[in-house]
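Subject: Structure handover

Hi,

Here is the structure for you to look over. My notes come after it.

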Amino acid sequence: MKNPTSTLIIDRSRPKLEAFIFLGILSAVILIALGISFSNKQPATAVAQPNSTSPPTLEQRVAGLEAYVTNADPSGSKIAGSPGPGHNAWLLTSTAFVLFMTLPGLALFYGGLVRSKNILSVLAQCFGITGLVTVLWWAIGYSLVFGTNLSGSPLGYFLGGTEYFFLKGVDSAPNTNYSFWVSQNVFCMFQMMFAVITPALIMGGIAERMKYSAVLIFITLWMLFVYFPQAHMVWGASGLMNGVFNAGAKIPAIDFAGGTVVHMTSGWSALILALLLGKRKGLGTEPMIPNNMAYCMTGAAILWIGWYGFNAGSAVAADGIAANAFLTTTIATAVASLTWPMLEYTIKGTPTVLGFSTGAVAGLVAITPACGFVNTTGAVIIGLSAGIIPYFACSVLKPLLKYDDALDAFGVHGVGGMLGAFLTGIFVNPAVNANLLSEAVAKKNGLAAAIGSGTLWIAQLKAILITIVIATTASLIIGFIVKALVGLRVNEEVEQQGLDIIEHGEQGYSI
């Protein structure tokens, strides 16, 4: 039996050059951020201050305690917001859950679906992205998304600020722009896990054919020009589309946990990359059988479990909104996980484990923007829709248009994210979230009026279109840049031999 590498001569000088290019880009980003950071003054700790220096009365102490229990603004009392053990504990737990979604959840889900010769390439992509995005988040990401020193300028609608570069000033005191009762460093870690999983989802569209160096360079640039601006626009204190918490939002859209930020950006970018890369060699003429469906199902189950941190954690408190998000996430996911394989059963005669698994993920995707804004009736309808529309996107649209979205990143996340974002505007229910009608924000930026008139879907549609334009345009430009620098696709011999042994020098299975 021949050695698996004996039929291919590998040029090791090229990978070294590509690694230097990647490290050069990453170093340049960090050095620029360092220069900006040194020019910034130390940000003031964002803690609610008591109204005066006199001791609070018993009534004020009780009011402060009530504000903690209800996750409300304590400024009416003389008790400053401070890290609360219950809210902090829930967000710490949620943070671990969301990391659990990427490692090992998504890694197993995607890893089980590729051929055996490429399973390690998927695991390496998930692990590499986790480390890379953590570095970017520490250096600039958190500040660009959740900073505030650009507020008041037109740029403030798209980026937060530079005051938290290298997490300067990010300590255990709350950042009251986002929570009165959760430590800012805990909030920072929680949001970092969203930043980690989002680009990892893109890997489903390009599986089995993209260079590892190209992946790292693409993701570095993609985070800078897609994720950070998009996340700020939707969740940042001065964001363009933050209808719930920015009184000056130009588009009063709502997205509880990332329908546009996470799923649409990754899904549409995956489609663009898949088109730039072209189809896998042998697609349609050779069997491309998943190497381990048990891994796939296990990964999907882990994703479902971890998604409770993703969705219920986005309440940034252990409160009634988190409880509602937990419930609606369960209902929508269960409905979608049943609907998808039942469609298979009806149309093809067999309900597959892949159908159950993909249906569950589609339900999770679609309920994500809505979970803190809809009741269980809305969740059932969203789950049913998620089991039907992404199914046809994957089984009919993809073969019809002949693009190779290898693991259905676009069909599930791109289409499912759009579906969820739009249906959020249809089934939004202020009874489950008082922030939707708040005097301080929602009644100033038009969100409350749009909900009352039943026209919120228009703002949701605007947010959807903006997200598509940003994700597709930036991904196309970044894709061409990376192609010019290091190339996007492995050569035909490497693809035939498998990415594991050539790109990583290892094999997933030794038989």
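Below is what turned up, from the overall picture down to single residues.

This is a predicted model: local features need pLDDT of at least 70, side-chain atom pairs count only at pLDDT 80 or more, and totals for chains, interfaces and linings use all residues. Residues are numbered from 1 along each chain as its sequence is written, and side-chain values use heavy atoms, with hydrogens and water left out.

Confidence. pLDDT is the predictor's confidence in each residue, from 0 to 100. The protein averages 93, and 94% of the residues score at least 70. Residues 1-7 fall below 50; beyond near neighbours in sequence, this stretch has six contacts in the model (contact means heavy atoms within 4.5 Å). Residues 44-51 also stay under 50, with 21 contacts beyond four places in sequence. Where pLDDT is low, the predicted coordinates should not be read in detail.

Overall fold. The protein has 17 helices and zero strands. Both are DSSP runs, numbered from the N terminus: helices are H or I with at least four residues, strands are E with at least two. The C-alpha trace spans about 85 × 55 × 40 Å along its principal axes. Of the 511 residues, 58% are buried (under 20% relative accessible area; exposed is over 50%, partly exposed in between; 1.4 Å probe, protein chains only). Take contacts between residues at least 6 apart in sequence: 77% of them join residues at least 24 apart.

Helix pair. The axes of α9 (residues 320-347) and α11 (residues 376-401) come within 7 Å and cross at roughly 40°. Axes are lines fitted to C-alpha atoms, for helices over the stretch in contact; angles run from 0 to 180 degrees between N-to-C directions. On the α9 side, the residues in contact include L327, I331, V335 and W340. On the α11 side, they include V380, L384, Y391 and F392.

Backbone points to check. A cis peptide bond joins L103 and P104, with omega about 15°. P104 lies in helix α3 (residues 85-113). N71 sits in the loop between α2 (58-69) and α3. N71 is partly exposed, because its relative accessible area is 23%. F166 is in the loop between α4 (119-146) and α5 (184-206). At 15% relative accessibility, F166 counts as buried.

Best regards
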